[in-house]
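The following paragraphs go through one chain, from its overall make-up to single residues. Please keep the sequence and the model in view while reading.

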Amino acid sequence: MPQDDVEDRPDSSSIPSGHTAAAVAFTAAVSPSWPWAGAACAVPTVLVAVERVHSGAHYPSDVAAGAAIGIAAATLVHKAPRLLTHCKGRPRVAGG
């Protein structure tokens, strides 16, 4: 696809793909609880990533960065309750 025909081309030459980040985050967050749903979501997630490069909206490195952000977000979602309860049980230091 010619680069001039891309409507949602980013202003900068490189930026993580938000579409890929969102798709990967959703799939990675769902997979541990519902593996069958995670497997079903994996196909459209890969298609989103491929489409972003194919359409010329992002470079492959942008899609890889978006995927890393998505995985980090899903990991945080899964660990947040444990981290919050762990921090809640710690005694507070006076003056801080």
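Helices (H or I, at least four residues) and strands (E, at least two) are DSSP runs, numbered from the N terminus. The model is predicted: local features need pLDDT of at least 70, side-chain atom pairs count only at pLDDT 80 or more, and totals for chains, interfaces and linings use all residues. Numbering starts from 1 along each chain as its sequence is written, and side-chain values use heavy atoms, with hydrogens and water left out.

The chain has 3 helices and 0 strands, in the order α-α-α along the sequence. Of its 96 residues, 25% are buried, where buried means under 20% relative accessible area, exposed over 50% and partly exposed in between (1.4 Å probe, protein chains only). Among contacts (heavy atoms within 4.5 Å) with a separation of 6 or more, 74% join residues 24 or more positions apart.

Helix H1 covers residues 18-30. Its buried residues are Thr20, Ala21, Ala23, Val24, Ala25, Thr27 and Val30.

Helix H3 spans residues 60-88 and contains Asp62. Asp62 counts as buried because its relative accessibility is 3%. The side chain of Asp62 makes a polar contact of 3.5 Å with that of His58; such a contact is a pair of N or O atoms within 3.5 Å, and within protein one must be able to donate a hydrogen and the other to accept it, while residues adjacent in sequence count only if both atoms are side-chain atoms.

His78 also lies in H3 and is partly exposed, at 33%. Leaving out residues up to four places away in sequence, His78 touches Ala28, Ala29, Pro32 and Ser33. Between His78 and Val30 the C-alpha to C-alpha distance is 9.9 Å, with 48 residues separating them in sequence.

Notes: Expected span 1.5 Å × (residues − 1).
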